Amino acid sequence: MIKLENVSKSFGDLEVLKDISLQINDHEIYGIIGQSGAGKSTLLRCINGLEDYQSGTISVDDVTVDLKDKKKLHLLQKEMGMIFQNFNLLERLDVYDNVALPMKFWGMKTKTPEAKKKIEGLIELVGLSDKIHARPRELSGGQKQRVAIARALVLDPKILLCDEATSALDPAITRGILDLLSKINKQMGITIIVVTHQMEVVKQICERVAFIKGGRVLQIGKPEELFIRPAKDIKAFLHEDSELLPSEGVNIQLFFTDESADEPVISQMARKLNIDFSISWAKLEDFRSNVYGSLVINVKEEDKDKVTAYLDSVKVLWEVLNG
Amino acid sequence: MSSVIWTSFQQTLYMVFWSTLFSVILGFIPAIILTLTAPDGLRPNKIVYETLSLIVNVFRSFPFIILLVIIIPFTRALIGKAIGTRAAVVPLTVSAIPYIARIFETSLRETDPGVIEAARSFGASDWQILLRVYIKESIPRMLNGVILLIISLVGYSAMAGTVGGGGIGDLAIRYGYQQYKTDVLIICSAVLIVFVQAVQMLGNYLYKKLS
């Protein structure tokens, strides 16, 4: 378990992390989302000791991340593999030697039969057995990230840290990498922390997510919660402004969760209440193969109470928007 | 005539070979110190970096012909005499050290900072990062620098004739140019062109192979 308690960090006068408290459970895929410059990558670097923090505590399995205690930190870093936006492979080493590199840092032999079996096994896991002696320059972006994933797993870490790991990849390749991360999480039970600015990434694999803005955690929850009923700042991040909604009548936003998404709520309501309304805005999306959505309808002022009463009766969450 | 050219060519090879070897070894040390103490290095240290950088610059801005003369007492102390092919290796080496130090520093510092960060994240020590990341990744670039050094040392070795260093360049100046023997001048130039071309081709081949 990774625990952050009231963590703050500044670069000179600039405060980049402000009083951050998070708890990431074992075997979880946890997302940290926010815009560039929100402090999310810094947060990740503080967790594995690449950067120091000024106050608060970070602990990994009850061991405090402390840059002054080099020995303890060193052992802790072995428990955490990391992958990066730009893959960061060594250009002059082939796939095998890139994957083996962390072992060399730990004084392990990389050519013994056991080591070979392990390294080749990881390369097979990421689907690059046919590229085992290729140099990074011969690989595509997605393949490079696969090599980086194998490298991050070679010291048998409990945690995998992903820093914008798919930001340099196109959507189809991203999906492949995310599938691989899910597989690693399920098969090997590795806790994964994903730092990203891509909502798609969070939607596809994260069980929980923290939204960060200006160095502060604004909201923590399941991605579907964050996405369906976003707080104001998150709405702006998702580019969902309510400016396009009609100014006459009442705008009511409906929230559909996994059970209610399949029900024909809208058409039934129109029929049963015998009223007219227009649909102003809608969105329906996939979260780890569950469908969630949200819809804004515009009703006449006099129909408002009838509609809300009906929505309550069919247990659909709703909210009256301004206007 | 051909035996004179052959002897001169051997002298050139002798001067270029030894001064390259010594300057690469001796220039590597300040290059490493510069890389480590640079603002983006593993152990940033402004005072050490700026001081060493200044020394390198001072030595680099010395005109070679002046260095050749003022270094004579040092050369004499080092190898017992100040005249001859062997003696010429000393000023050539001294002038090449800051040159190659700067080239190696640039090569090393071109290492992708992301790769260094990745190594740190896996628990690599500074020493391991220096050896397995900085140096390992920079070898092709450093090799390119050595080729550059060899070629400019061929040029500088011509001036070593001033201290009796001999060599093809010296031959071209004394016989070809000063005694109006155009054929010697042409042959000497041709030999140098072929030599430089061969070194460059070998360098390109090795660069491709290593990177």
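**Figure 1. Secondary structure and extent of chain A.** Chain A contains eleven helices and 14 strands, where helices (H or I, at least four residues) and strands (E, at least two) are DSSP runs numbered from the N terminus. The model is predicted: local features need pLDDT of at least 70, side-chain atom pairs count only at pLDDT 80 or more, and totals for chains, interfaces and linings use all residues. Residues are numbered from 1 along each chain as its sequence is written, and chains are lettered from A and ligands numbered from 1 in the order in which they are written. The C-alpha trace of chain A spans about 80 × 45 × 30 Å along its principal axes. Of the 323 residues in chain A, 37% are buried; a residue is buried if 20 or more other C-beta atoms lie within 10 Å of its own, exposed if 12 or fewer, and partly exposed in between, with C-beta atoms placed from the backbone.

**Figure 2. The two domains of chain A.** Domain 1 covers 2–235 and domain 2 covers 247–321 of chain A, with bounds that come from an automatic or database domain assignment. Their centres, taken over C-alpha atoms, are separated by 39 Å. Seven residues of domain 1 of chain A are in contact with seven residues of domain 2 of chain A, a contact being two residues whose C-beta atoms, placed from the backbone, lie within 7 Å. On the domain 1 side, helix 7 (199–205) and helix 8 (223–228) of chain A each supply at least two residues. That side has three nonpolar, one polar and three charged residues; Ala, Val, Leu, Ile, Met, Phe, Trp, Tyr, Cys and Pro count as nonpolar, Asp, Glu, Lys and Arg as charged, and the others, Gly among them, as polar.

**Figure 3. Strand 6 of chain A and its pairing with strand 7 of chain A.** Strand 6 (residues 80–83) and strand 7 (residues 159–163) of chain A pair in the parallel sense over four bridges; two strands pair if DSSP finds at least two bridges between them. A:Cys162 in strand 7 of chain A is the bridge partner of A:Ile83. In a regular strand the side chains alternate between the two faces of the sheet. From strand 6 of chain A, A:Met80 and A:Met82 point one way and A:Gly81 and A:Ile83 the other way, and all are buried.

**Figure 4. An open antiparallel sheet in chain A.** Four strands form this sheet in the order 12-13-11-14, with antiparallel pairing. Strand 12 (278–287) and strand 14 (317–321) of chain A each have a single partner strand at the edges, so one side of each is left without a neighbour in the sheet. Neighbouring strands are turned by 15 degrees against each other on average, direction ignored. Strand 11 (residues 250–256) of chain A is joined to strand 14 of chain A by five bridges, and A:Asn251 has A:Leu321 as its bridge partner in strand 14 of chain A. Helix 11 (residues 304–313) of chain A packs on the sheet, touching strand 11, strand 13 (290–299) and strand 14 of chain A. The direction of helix 11 of chain A makes about 5 degrees with that of strand 11 of chain A; axes are lines fitted to C-alpha atoms, for helices over the stretch in contact, and angles run from 0 to 180 degrees between N-to-C directions.

**Figure 5. The side of chain B that touches chain A.** In this interface, 16 residues of chain B are in contact with 17 residues of chain A. Helix 6 (113–121) and helix 7 (126–159) of chain B each supply at least two residues of the chain B side, and helix 6 of chain B gives the most, with six residues.
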